[in-house]
Amino acid sequence: MMKNKSLNYLEYPSASLEKTKAFFSSVFGWTFTDYGEAYCAFSLDNIDGGFYASEKISSAAHGAALTVFYSDDLTSLETEIVDAGGIITQPVFAFPGGHRFHFTEPGGSEFAAWSDCYQQE
């Protein structure tokens, strides 16, 4: 049952849907349903969403909202992101409440990851 006025669906642009799907499958274990060549959808425990083909990408520097993932091991997640073709755009930094870093996935859109239990090596 849907909760009234709850966040229900997120959509992101991607300059390469195939690379985006491979990245999120590899790093986060997501699966996708394709709806033609220009759209794919994902369904998670807490939210659904999709990626659409676009020359433009999502970037906080250009005013886009930033989606932030939680991780209990930022170092391992950072390695997984890079190994899957992501680019770290802002290295780990401290902020009130924890640490985080920003990255772009291979389709070009920006995301971030944070942790409240980061241990610098």
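**Strand pairing and helix packing**

In the predicted model, Asp34 has its bridge partner in strand β3, namely Cys40. Thr33 likewise faces a residue of β3, standing opposite Ala41. Two bridges in total link strand β2, which spans residues 33-34, to β3, and the sense of the pairing is antiparallel. The two strands belong to a hairpin with four residues between them, and within this hairpin Gly36 adopts a positive phi near 80°.

On its other pairing, β3 is joined to strand β4 (residues 48-53) by five bridges, and these strands also run antiparallel. Ser43 is found opposite Asp48 of β4. A hairpin is formed here as well, again with four residues between β3 and β4. Strand β3 itself covers residues 39-43, and four of its five residues are buried, so the strand is largely enclosed by the rest of the structure.

Strands of a sheet pair through backbone hydrogen bonds, in either the parallel or the antiparallel sense. In this model, four strands make up an open sheet with mixed pairing, and their order is β1-β4-β3-β2. The edge positions are taken by β1 (9-14) and β2; each has a single partner strand, so one side of each lacks a neighbour in the sheet. Helix α1, formed by residues 17-28, packs on the sheet and touches β1, β2, β3 and β4. The direction of α1 makes about 150° with that of β4.

Helix α1 also meets helix α2. The axes of the two helices come within 9 Å and cross at roughly 150°. An angle over 145 degrees counts as roughly antiparallel, and α1 and α2 are therefore roughly antiparallel to each other. Their crossing is right-handed. On the α1 side the contact is made by Phe23, Val27 and Phe28, and on the α2 side by Leu77, Glu80 and Ile81. Of the residues in this contact, five are nonpolar, one is charged and none is polar.

Leu77 is also among the residues touched by Ser71, together with Trp114 and Ser115, when residues up to four places away in sequence are not counted. Ser71 lies in the loop between β5 (67-70) and α2 (74-83). The relative accessibility of Ser71 is 10%. Because buried means under 20%, Ser71 counts as buried.

Key: Residues numbered from 1 in each chain as written. Predicted model: local features only at pLDDT ≥ 70, side-chain atom pairs only at ≥ 80, totals over all residues. Heavy atoms only, no water. Buried < 20%, exposed > 50% of the residue type's maximum accessible area, 1.4 Å probe, protein only. Pairing = 2+ DSSP bridges. Contact = heavy atoms within 4.5 Å. Axes fitted to C-alpha atoms, helices over the stretch in contact; angles between N-to-C directions. Parallel < 35°, antiparallel > 145°, perpendicular 65-115°, else oblique. Left-handed = near helix turned anticlockwise from the far one by under 90°. Nonpolar A, V, L, I, M, F, W, Y, C, P; charged D, E, K, R; others polar.
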